[in-house]
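The report below is meant for a reader who meets this structure for the first time. It goes through some loops, a few helix pairs and the confidence of the model in turn.

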Amino acid sequence: MSEVALFGAAAVPGPGVLSAQSGYPDPAAFGQDPWWLVVGKAVAVFAFLVLTVLVAILVERKILARMQMRVGPNRVGPRGLLQSLADGVKLALKEGIVPAGVDKPIYVLAPIIATVPALMAFAVIPLGPVVSVFGHDTPLQLTDLPVAVLYILAATSIGVYGIVLAGWASGSTYPLLGGLRSTAQVISYEIAMALSFAAVFLLSGTLSTSGIVAAQDGTWYVFLLLPSFLIYVTSMVGETNRAPFDLPEAEGELVGGFHTEYSSLKFAMFMLAEYVNMVTVSALATTLFLGGWRAPWPLNMWEGANSGWVPLLWFVLKVWGFLFLFIWLRGTLPRLRYDQFMNLGWKVLIPVALGWIMVVAVIRVLRLEGLDRWQIVLAAAGVVVALAVPSLLWNRMNAGRLRPTGTPGGAAVAAATEQPFDPMAGGFPVPPMPGQTLPPRRRRTPVAAAAEGGRRVDPTTEENRDA
């Protein structure tokens, strides 16, 4: 079934819109470039990702140091600018240690599975309009597909198998727990992410990335689809295992998570995959909601702002805006508890995304029926839904807290918490769940502790006499 039959002819940009004359690439033009140009664009995309990762690591360390009133890297190179390169060389030269109990083939393959799909997903991201390279007109995009956004979603999903297999193949408890957490995390947040895409598909009438950019020629979707944008931004942080959603590699709980048993280049590949995924999801957010490579207002009034190589600058600036958001969240928010994390994904993001899709579908039908000022109606509905989400989030996050007996649900919560909580009931310490409290702790003196252990303690010593 064609896109026209699926979404309706009125919403699909025609061939005259997606043309080199308008700056948008014609989908039929992909695959027509000479081999040397295809290889050159592939190398350029790879170099762009690697250089962005090196700069992002340095910028993150500098910004976090600034937020925490520290200096940050300042030794290697002028003002520490070569610190990321030095760290990469150090990881390459370190000895690769393989523990004795690992499943070696999967242990070695896991970092590759995590890294390669992260690089492949960037192939369909449009970096700019049609430009001339050595006399050949070509779009600043490696390729495009009729289902390009679904291709990105599939590629990032495959990358998670690298994390899961790394935790399983390490033959250790904490990496296994990190891999299991990653599985639950990706299932939860990729559903919400895919549902946020559905509203974009309904409004643009295409799944092609270049087509979605073309559909935002007048108004960016961040204004028309605000709930989808907020859901996607939340999901992309969970998708990339970044704070406050870095549960698969929580250092305080899992030592290092799924990559605890990795070192040298294998560990560097996991780090590269994480940062490349950050760049990919940031570029996808730019493409779907911020007009892609199009210049922001009022710069778009300049005739040359959306032609030639200049749009590449707007694209990079938008991507770095999202990368700064990643860094800001890491330096600001504490890690969520695991039950809060699951409640956010399953009980807040997914229901809101489903309800918002219904709203967008209704407004789309009204638009096809001739509704005037449908953009104002859609933007107003998006603001209402976005304002209603914090109250729903607050209720879900506080669902397990104690309430006074006179309030709704207070008696049930009080009855459920009447039984004393024993953290050692199962033979090993268990943290209290929401609504449970630890029993009061009685401080034992060294004399009493020794007496319980059957040892004699001299009460004349200064330490025991003070106790």
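The residue P244 is placed in the loop between α9 (226–239) and α10 (251–254), and the peptide bond that joins A243 to P244 is cis, with an omega of about 5°. The loop between α9 and α10 also holds N241, a residue that is not a glycine and yet has a positive phi of about 60°. Another cis peptide bond runs from W297 to P298, with omega near 5°, and P298 belongs to the loop between α11 and α12 (310–332).

The protein has a mean pLDDT of 81, and 82% of its residues reach 70 or more. Over residues 1–21, however, pLDDT stays under 50, although the model has 35 contacts beyond four places in sequence for this stretch. Where pLDDT is low, the predicted coordinates should not be read in detail.

| Helix pair | Angle between axes | Distance between axes |
|---|---|---|
| α6 (residues 173–204) and α13 (residues 338–368) | about 15° | 9 Å |
| α2 and α11 (residues 264–289) | about 100° | 9 Å |
| α9 and α12 | roughly 60° | within 11 Å |

For the pair formed by helix α6 and helix α13, the axes are 9 Å apart at an angle of about 15°, which makes α6 roughly parallel to α13. The crossing of these two helices, α6 and α13, is left-handed, and the residues of their contact divide into 23 nonpolar, 3 polar and 3 charged.

Helices α2 and α11 pack at an angle of about 100°, and they are therefore roughly perpendicular to each other. From α2, the residues F48, L49, T52, V53, A56, I57 and E60 take part in the contact, while α11 contributes M271, L272, Y275, V276 and V279. Sorted by kind, the residues of the contact of α2 with α11 are 10 nonpolar, 1 polar and 1 charged.

The axes of α9 and α12 cross at roughly 60°, and that makes α9 oblique to α12. In passing α12, helix α9 makes a right-handed crossing. The contact brings together F229, V233, M236 and V237 of α9 with F322, L325, F326 and L329 of α12, and its residues divide into 8 nonpolar, no polar and no charged.

Because D87 lies in helix α3 (residues 83–93) and R61 in helix α2 (residues 35–67), the pair ties together parts that are 26 residues apart in sequence.

Notes:
Residues numbered from 1 in each chain as written. Predicted model: local features only at pLDDT ≥ 70, side-chain atom pairs only at ≥ 80, totals over all residues. Heavy atoms only, no water. pLDDT = per-residue confidence, 0-100. Contact = heavy atoms within 4.5 Å. Axes fitted to C-alpha atoms, helices over the stretch in contact; angles between N-to-C directions. Helix = DSSP H or I, 4+ residues; strand = E, 2+ residues; numbered from the N terminus. Parallel < 35°, antiparallel > 145°, perpendicular 65-115°, else oblique. Left-handed = near helix turned anticlockwise from the far one by under 90°. Nonpolar A, V, L, I, M, F, W, Y, C, P; charged D, E, K, R; others polar.
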